[in-house]
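Please look first at the sequence and the structure together, and keep both in view while reading the paragraphs that come after them.

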Amino acid sequence: MKKLISVILAAMMVVLLAACGGGSKGGDTQYLFLEEEMGTESYAIGFKKGNEELAKTVTGAVYALVKDGTYAKIGEKYPDIKDYLSLKAEDINDADIPAKGSGDPNFTFKHGFDLDYPPYSYLKDDGSVGGFDVELAQAVCEYMGWKYESVPFNWEAKDMELNAGSCDCIWSGFTKEGREDKYTWGCTYSNNVQGILVASDSGITTLADLAGKTVGVQIDTSAAEMLEDSKKELADTFGELKTYETYTVAFNDLKAGAIDAIAIDMTAGAYLISNEAK
Amino acid sequence: MSWQVMLSSMGEGMLRTLAIFFLTILFSMPLGMVVTLLRRSKIRIISGITKVYIAIMRGTPLMLQLLAWYFGPYYLFGASIRGYRFAAIIIGFTMNYAAYFAEIYRGGIESIPAGQYEAAEVLGYNKVQTFFKIILPQVMKTIMPSVTNEIITLVKDTSLAFALAYNEMFAIAKQIAASQTSFTPYIVAGVFYFVMNYVVAFVMERIEKSMDYYS
């Protein structure tokens with residue numbers, strides 16, 4: 001009897017695992033953004049409150065990289081975000097730019113970021129740390145003549161890490177709106193448009209179609225904050241707003257049909273879509 | 001990302017996981033014994049303080065404790081916490097697990113019938129001899145299954161170190177899952193944990209067998 005039961009249990013596990021593996025639908029389902037967007041915000045570099053000097057220097061160095069084309073060149077490597085990059089060479093005043101190599105060579109710039117946030121900061125295919133923000137920060141250090149140190153942290157503990165001085169800045173797809181007074185800000189360098197990601201065969205085409213539907217969002221992201229705050233009215237029309245630890249899980253739920261849509265920063269969403277197409 | 005890269009990244013994380021695991025076992029098991037002795041102390045203040053310590057360690061989430069150990073020195077004294085991350089993790093885990101081990105030890109010690117102490121006294125053993133020669137060998141034997149439980153829990157609890165941005169295996173699995181939009185790293189992590197715990201269970205069983213000196 002015992003044997004029989006264990007055989008049955010084992011068989012059930014195999015079936016379940018197989019079902020997980022083959023979970024994605026037909027194959028021709030695609031994922032796309034609604035044309036109607038939720039809103040636009042911007043990514044910027046956050047420094048500890050009062051650290052004006054470092055904020056100004058880093059901003060100046062980023063400006064220099066915009067002028068010499070490094071900024072656009074790094075952007076080319078990340079096709080999902082290059083259309084959102086917001087700094088333009090013609091808007092920059094040369095007076096704001098520090099001289100190349102004028103930084104203290106003994107200074108180590110501790111770049112704090114979240115490793116779960118592709119394509120801004122993440123683990124690349126070869127297992128190394130990379131992303132647009134990481135490369136830009138490294139280029140800043142190279143320009144100033146500083147040493148670079150990466151400090152990947154747990155997103156929920158970012159303020160503690162910054163205040164305790166284990167990093168000099170939060171620079172990891174960090175939305176400025178709604179946090180203006182909490183940090184001393186460096187330049188904004190990328191637009192951040194929040195959109196709604198749906199399956200192409202879902203029948204959802206406008207924000208109004210989301211009424212009564214289940215929408216997923218990642219905890220503590222700007223999309224989540226937007227739905228609690230400025231877009232509360234929209235969120236109230238949803239059947240349910242589900243909060244996930246990561247977008248990876250939310251996206252799997254969308255693929256499995258357990259939720260109808262995902263509210264997400266479009267750059268991060270574009271990364272999910274293009275990865276799915278691979 | 002190729003399998004090779006994934007496995008080697010996660011393997012690297014596994015070494016960091018093992019570092020937490022072994023150091024925690026190394027420090028918390030002896031510390032647990034000290035805590036038990038303090039807890040059983042006849043002096044009220046000492047046993048009282050120890051009780052409070054155990055209550056806090058068992059009554060609050062380990063993740064919270066880790067954050068407190070790491071950021072505490074900065075927020076309380078404004079101390080620099082550069083380079084202190086790993087030490088904070090080991091302190092956090094050790095202090096927490098010592099409390100659990102202490103209670104397991106206490107359960108074992110108190111399960112020994114008073115007759116054993118009386119017999120030892122009659123035979124002329126002094127208190128220290130009685131504890132180490134008569135009581136402890138019996139205690140070790142009874143508490144082994146509970147200790148195994150605790151150690152297996154520790155293997156899985158190491159993943160909480162991600163709260164302090166320590167790149168152990170599960171944190172890496174999460175990062176790869178995010179960058180590859182795939183669940184595979186989680187499954188791989190599950191296999192890693194399972195294998196580790198299988199080894200732990202196997203070793204503990206061997207130790208248990210080697211202790212069947214009374215049967």
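Predicted model: local features only at pLDDT ≥ 70, side-chain atom pairs only at ≥ 80, totals over all residues.

Residues are numbered from 1 along each chain as its sequence is written, and chains are lettered from A and ligands numbered from 1 in the order in which they are written.

Where chain B meets chain A, 23 residues of chain B are in contact with 24 residues of chain A (two residues are in contact if their C-beta atoms, placed from the backbone, lie within 7 Å). On the side of chain B that touches chain A, helix H1 (3-39), helix H3 (62-77) and helix H7 (169-180) each supply at least two residues, and the largest share, seven residues, comes from H7(B). Helices (H or I, at least four residues) and strands (E, at least two) are DSSP runs, numbered from the N terminus.

Within chain A, A:Asn191 lies in strand S9 (residues 184-199), and beyond its neighbours within four places in sequence, A:Asn191 is in contact with A:Thr40, A:Ser42, A:Tyr84 and A:Ser86. A:Asn191 counts as partly exposed because it has 17 C-beta neighbours inside 10 Å; a residue is buried with 20 or more other C-beta atoms within 10 Å of its own, exposed with 12 or fewer, and partly exposed in between, C-beta atoms being placed from the backbone.

The buried residues of H9(A), among them A:Met266 and A:Leu272, pack against strand S1 (31-33), strand S4 (116-117), S9, helix H8 (247-255) and strand S12 (261-265) of chain A.
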